[in-house]
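Please look over the chain shown below before reading on.

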Amino acid sequence: MEIKRVVEAILFAANRPMTCKQVQQVFPEIEQPEIQEIQAACEAIKEDYRFRPVELKQVASGYRFQVRKELSRWVSRLFEEKPPKYSRALLETLAIIAYRQPATRGDIEDIRGVGVSSSIIHTLLEREWIRVVAHKEVPGRPALYGTTKQFLDYFNITSLNELPTLQEIQELDLSLDTTQQPMQVKSEEQETTEQITQTAVEQFSETAEQITEAIGQAAKTIARLSTTTE
């Protein structure tokens with residue numbers, strides 16, 4: 001039995017990311033290879049697919065086969081269902097939780113300067129991008145939110161360390177300011193609900209890559225706040 005071939009078949013047939021431990025448990029007990037052997041097999045498979053349109057990618061929940069990012073727009077035409085559309089408010093809320101976790105709803109509202117809709121929190125919980133990690137020991141014991149492995153998987157990263165740092169976001173913001181004309185920005189209070197929705201649809205609705213970029217943009221607010229508080 002060639003372990004590499006079996007591991008490749010298991011990962012190819014799986015409908016979810018799998019860790020080396022999970023792959024090991026698929027083998028009959030008396031034939032289970034060592035975790036190190038499975039890890040080596042995964043690395044060898046990744047190398048085999050290095051120049052192919054499909055890759056073996058390690059994300060937070062394990063290994064999975066996926067179409068390479070540069071080809072995703074072509075493959076997406078196979079599916080009738082359009083990508084979900086997210087509002088600016090939802091993306092900013094997600095960014096704040098990602099960079100400031102654990103964070104309460106009150107923390108998010110303090111940073112954004114406006115209230116957070118219950119539907120936004122519900123959507124993020126429903127998509128399993130965030131979860132309640134604890135409750136703050138203050139009157140009312142508000143929930144503390146943090147991101148999940150599903151969040152990392154969706155954005156194709158293995159850990160929060162792969163998100164751009166606040167300093168990198170600040171530097172990017174400064175470089176953009178020197179090459180682009182400043183844009184007039186309306187406060188959230190000045191925008192109507194219809195205008196917010198229209199802006200969100202236009203800017204943040206197409207792909208996971210665009211959503212990732214939007215989170216980076218939203219995180220600039222957090223970076224500026226950090227500078228102010230320090």
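## Overall make-up

The model is a predicted one, and the secondary structure of the protein comes to 11 helices and four strands. Of its 230 residues, 33% count as buried, while the protein exposes about 14900 Å², of which carbon and sulfur atoms supply 51%. Among the contacts in the protein with a separation of 6 or more, 57% are accounted for by residues 24 or more positions apart.

## Helix α3 and its covered side

Helix α3 takes in residues 35-48, and its 14 residues should span 20 Å at 1.5 Å a residue; the C-alpha atoms at its ends are 20 Å apart, which agrees with that expectation. The buried residues of α3 are Ile38, Ala41, Cys42 and Ile45. Because these residues cover an arc of only 100 degrees around the axis, they lie on the same side of α3.

The structure holds zero disulfides. Cys20 is in no disulfide, and the nearest cysteine sulfur, that of Cys42, is 4.5 Å away. Seen from the other partner, the sulfur of Cys42 has its closest cysteine sulfur in Cys20, and the 4.5 Å between them is too far for a bond, because a disulfide requires the sulfur atoms to be within 2.5 Å. Cys20 is buried, with a relative accessible area of 9%, and Cys42 is buried as well, with a relative accessible area of 1%.

## Two buried glutamines

Gln24 is found in helix α2 and, with a relative accessibility of 9%, counts as buried. A polar atom of the Gln24 side chain lies 2.8 Å from the backbone oxygen of Pro33. When neighbours within four places in sequence are left aside, Gln24 is in contact with Gln32, Pro33, Glu34, Ile35 and Ile38; of these, Ile38 is also one of the buried residues of α3.

Gln66 has its place in strand β2 and is likewise buried, with a relative accessible area of 14%. The side chains of Gln66 and Asn156 are joined by a polar contact of 3.2 Å. Leaving aside neighbours within four places in sequence, the residues in contact with Gln66 are Pro53, Val54, Glu55, Lys57 and Asn156.

Helix α5 (residues 88-100) has 13 residues and reaches 18 Å from its first C-alpha to its last, close to the 18 Å expected at 1.5 Å a residue. This helix is mostly covered, with 10 of its 13 residues buried, and the buried residues include Leu90, Thr93, Ala95, Ile96, Ile97 and Tyr99. In the loop between α5 and α6 lies Pro102, and the peptide bond from Gln101 to Pro102 is cis, with omega near -5 degrees.

Ile108, placed in helix α6 (residues 105-112), is buried, with a relative accessible area of 0%. Not counting residues up to four places away in sequence, Ile108 touches Thr93, Ile96, Ile97 and Val116; Thr93, Ile96 and Ile97 are themselves among the buried residues of α5. The C-alpha atoms of Ile108 and Ala95 are separated by 9.7 Å, and the two residues stand 13 residues apart along the chain.

## Positive phi in two loops

Most residues other than glycine have a negative phi, and most peptide bonds are trans. Glu128, although not a glycine, has a positive phi of about 65 degrees. Its place is in the loop between α7 (118-126) and β3 (130-135), where Glu128 is partly exposed, with a relative accessible area of 42%.

Arg141 is another residue other than glycine with a positive phi, here near 40 degrees. Arg141 belongs to the loop between β3 and β4 (143-147) and, at 42% relative accessibility, counts as partly exposed.

Conventions: Residues are numbered from 1 along each chain as its sequence is written. This is a predicted model: local features need pLDDT of at least 70, side-chain atom pairs count only at pLDDT 80 or more; totals for chains, interfaces and linings use all residues. Side-chain values use heavy atoms; hydrogens and water are left out. The expected span of a helix is 1.5 Å times one less than its number of residues. Buried means under 20% relative accessible area, exposed over 50%, partly exposed in between (1.4 Å probe, protein chains only). The arc is that of the directions from the helix axis to the C-beta atoms. Contact means heavy atoms within 4.5 Å. Accessible areas come from the Shrake-Rupley method with a 1.4 Å probe; for residues, only the protein chains shown count as cover. A polar contact is a pair of N or O atoms within 3.5 Å; within protein, one must be able to donate a hydrogen and the other to accept it, and residues adjacent in sequence count only if both atoms are side-chain atoms.
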